Amino acid sequence: AFQHFFRRIKRGEKPGFPRFQGKNRFDSLSYPQAKASMFQGKFIRVPKIGDVRVKMHRHMNGSPKTLVIKRKNGRYYVMVTCVVAPSPIPFSRKQVGIDLGVKHFSITSDREFFPAMRFLEKGLRDIKRWQRTVSRRKKGSHRRRKAVAWLAKAHERVANQRKDLAHKISRSLVDRYDLIAFEKLNVKGMVKNRPLAKKIADAAWRQLIDFTTYKAEWAGKEVKLVDPYNTSQACSECGQIVKKDLSIRVHSCSCGYTEDRDINAARNILHRAMGYAPQPTMGQLELSLF
């Protein structure tokens, strides 16, 4: 590297001082031409390395194309990309709208509630403890590196819990419904609300939408994102706007329709995804004017 550095100086080129190659600069190793012969029972034959014992937690389907060995928080993982034919799920002829919230993680138009687990709130005690330990220890010391690793594992545990919940809910939705409708939320703008920012970030709504979308594509189902404007305020029965703040949890309309606020929003989301919007009658329009 230094020979090329001095050569560029002599030629009057931009020298580009050699960069120190730290041992933690790279965390993965890729093999773009993986073959089925590399996988032999409990071992993987890695080029230039040899046979490496692995825990095959899942049977590999299809033909392997790429292999990536990744290091994460002191553990090593093997990720294999395979070419597999899609496996459509029989159609159920059912549709659902999903309202994402803080009090409940997700609410369906079929009156099904998925609770907000708040994994960060539960794991915050350990995270704060390890963060204080990292702050106290001397930079560059062996004990600080150990504390950083413990802190990373505490964060990883919270992230894994979120992923597990999103995978289970998305799997349940794709198996039961042909059309799944979500709100197209501006999460970046929503987290500017300081009292709710931590709960919104902990909910990881976008992760649920992404997991549901790729599972739906795989199964031949459909996911739609709709405009969230007034989904909580509009009546899903007649379309009339009923203003209410966050403290009011029950939607009650002059047309006689009364329902949980979140279920009403989920029904509106489904109606928009299907291109259907209930219109208020003339009597309801006159009532709303006065």
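This is a predicted model: local features need pLDDT of at least 70, side-chain atom pairs count only at pLDDT 80 or more; totals for chains, interfaces and linings use all residues.
How are H2 and H3 oriented to each other? Residues are numbered from 1 along each chain as its sequence is written, and side-chain values use heavy atoms, with hydrogens and water left out.

Helix H2 covers residues 119–136 and helix H3 covers residues 142–176, and their axes come within 8 Å and cross at roughly 170 degrees. H2 and H3 are therefore roughly antiparallel to each other, a term used for angles over 145 degrees. The contact (heavy atoms within 4.5 Å) involves residues of H2 including Phe 119, Ile 127 and Trp 130, and residues of H3 including Trp 150, Leu 151 and Leu 165. By class, the residues of this contact are 12 nonpolar, 5 polar and 2 charged, where Ala, Val, Leu, Ile, Met, Phe, Trp, Tyr, Cys and Pro count as nonpolar, Asp, Glu, Lys and Arg as charged, and the others, Gly among them, as polar.

H3 also takes part in the lining of the largest pocket, to which strands S3 (43–46), S4 (50–53), S5 (63–72) and S6 (75–83) and helix H6 (205–219), like H3, each supply at least two residues. A pocket here is an open set of points on a 1 Å grid over the protein atoms alone, where a 1.4 Å probe fits, with protein on both sides within 12 Å along at least five of seven lines, and lining residues have an atom within 4 Å of a point. The largest pocket holds about 1800 Å³ of space, and of its 38 lining residues the closest to the centre are His 57, Arg 58, Val 78, Met 79 and Val 80. S6 gives the largest share of this lining, 8 residues, and the lining as a whole divides into 19 nonpolar, 8 polar and 11 charged residues.

Two of the strands named above, S3 and S4, run antiparallel and are joined by 4 bridges, where pairing asks for at least two bridges found by DSSP. Ile 44 stands opposite Val 52 in S4, and in the hairpin of S3 and S4, with 3 residues between the strands, Lys 48 takes a positive phi near 70 degrees.

The second largest pocket holds about 630 Å³ of space. Among its 23 lining residues, Leu 100, Gly 101, Met 190, Trp 205 and Leu 246 lie nearest its centre.

Terms used
Axes are lines fitted to C-alpha atoms, for helices over the stretch in contact, and angles run from 0 to 180 degrees between N-to-C directions. Angles under 35 degrees count as roughly parallel, over 145 as roughly antiparallel, 65 to 115 as roughly perpendicular and the rest as oblique. Grid points are joined across faces, edges and corners, and a volume is the space filled by probe spheres set on the points.
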